[in-house]
Amino acid sequence: QVQLVESGGGLVQPGGSLRLSCAASENISRFFAMGWYRQAPGKQRELVAKIMRGGIIEYKDPVKDRFTISTDNNKNAVYLQMNSLKPEDTAVYYCKFRRNSYGPDYWGQGTQVTVSS
């Protein structure tokens, strides 16, 4: 079963930047979609950004023009560059892969991002 490991989270001041990484245990080109989700305390998990087979990218509106998702097939990794961070971006960020259009889904363990002064 594919393993996903996130890294790069931490504490940052408003306006700062972080780069999250998701390392996969197998060839990422085999997956239908790869993306980032987040869950803030007391809230439901929500989509942040995803990239699908064919290179189609989708962002949640609040992060458009601030976050960028990218992949590196040679490293079997997915990245989320987060700029101009806001306190409302504070959440646990999860990497998720979908093997086919119908599933199944695979999740990483999550990495904490805290934006605070």
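**Which loop holds P104?**

P104 sits in the loop between β9 and β10 (105–107). Strands (E, at least two residues) and helices (H or I, at least four) are DSSP runs, numbered from the N terminus. A cis peptide bond joins G103 and P104, with omega about -5°. Most peptide bonds are trans.

**Ground rules**

This is a predicted model: local features need pLDDT of at least 70, side-chain atom pairs count only at pLDDT 80 or more, and totals for chains, interfaces and linings use all residues. Residues are numbered from 1 along each chain as its sequence is written, and side-chain values use heavy atoms, with hydrogens and water left out.

**Exercise 1. Describe the chain as a whole.**

Step 1. Count the elements. The chain has 11 strands and 0 helices.

Step 2. Check the radius of gyration, which is taken over C-alpha atoms. The value is 13 Å, close to the 13 Å that the globule rule gives for 117 residues, so the chain is as compact as a globular protein of that length. The globule rule is 2.2 Å times the number of residues to the power 0.38.

Step 3. Look at the box. Along the principal axes, the C-alpha atoms fill roughly 40 × 25 × 25 Å.

Step 4. Look at burial. Buried means under 20% relative accessible area, exposed over 50%, and partly exposed in between (1.4 Å probe, protein chains only). Buried residues make up 45% of the 117 residues.

Step 5. Look at contacts (heavy atoms within 4.5 Å). Among those between residues at least 6 apart in sequence, 54% join residues at least 24 apart.

**Exercise 2. Find the disulfide and say what it links.**

Step 1. A disulfide is a covalent bond between the sulfur atoms of two cysteines. The rule here asks for cysteine sulfur atoms within 2.5 Å.

Step 2. Apply the rule. The count comes to 1 disulfide. C22 is joined to C95, S to S 2.0 Å.

Step 3. The link of C22 and C95 is left-handed, with -80° about the S-S bond. Both cysteines, C22 and C95, are buried.

**Exercise 3. Are K96 and R66 buried or exposed, and what do their side chains reach?**

Step 1. Take K96. This residue lies in strand β9. K96 counts as buried, at 10% relative accessibility.

Step 2. Find its partner. A polar contact is a pair of N or O atoms within 3.5 Å; within protein, one must be able to donate a hydrogen and the other to accept it, and residues adjacent in sequence count only if both atoms are side-chain atoms. Such a contact of 3.1 Å joins the side chains of K96 and Y37.

Step 3. Take R66, in the loop between β6 (56–59) and β7 (67–72). R66 also counts as buried, at 10% relative accessibility.

Step 4. Follow the R66 side chain. It reaches the backbone oxygen of P62 at 3.0 Å. A polar atom of the R66 side chain also lies 2.9 Å from the backbone oxygen of S84.

**Exercise 4. Which residues other than glycine have a positive phi?**

Step 1. Recall the background. Most residues other than glycine have a negative phi.

Step 2. Take D65. Its phi is positive, about 75°. D65 lies in the loop between β6 and β7. At 83% relative accessibility, D65 counts as exposed.

Step 3. Take N76. Its phi is near 50°, a positive value. N76 lies in the loop between β7 and β8 (77–82).
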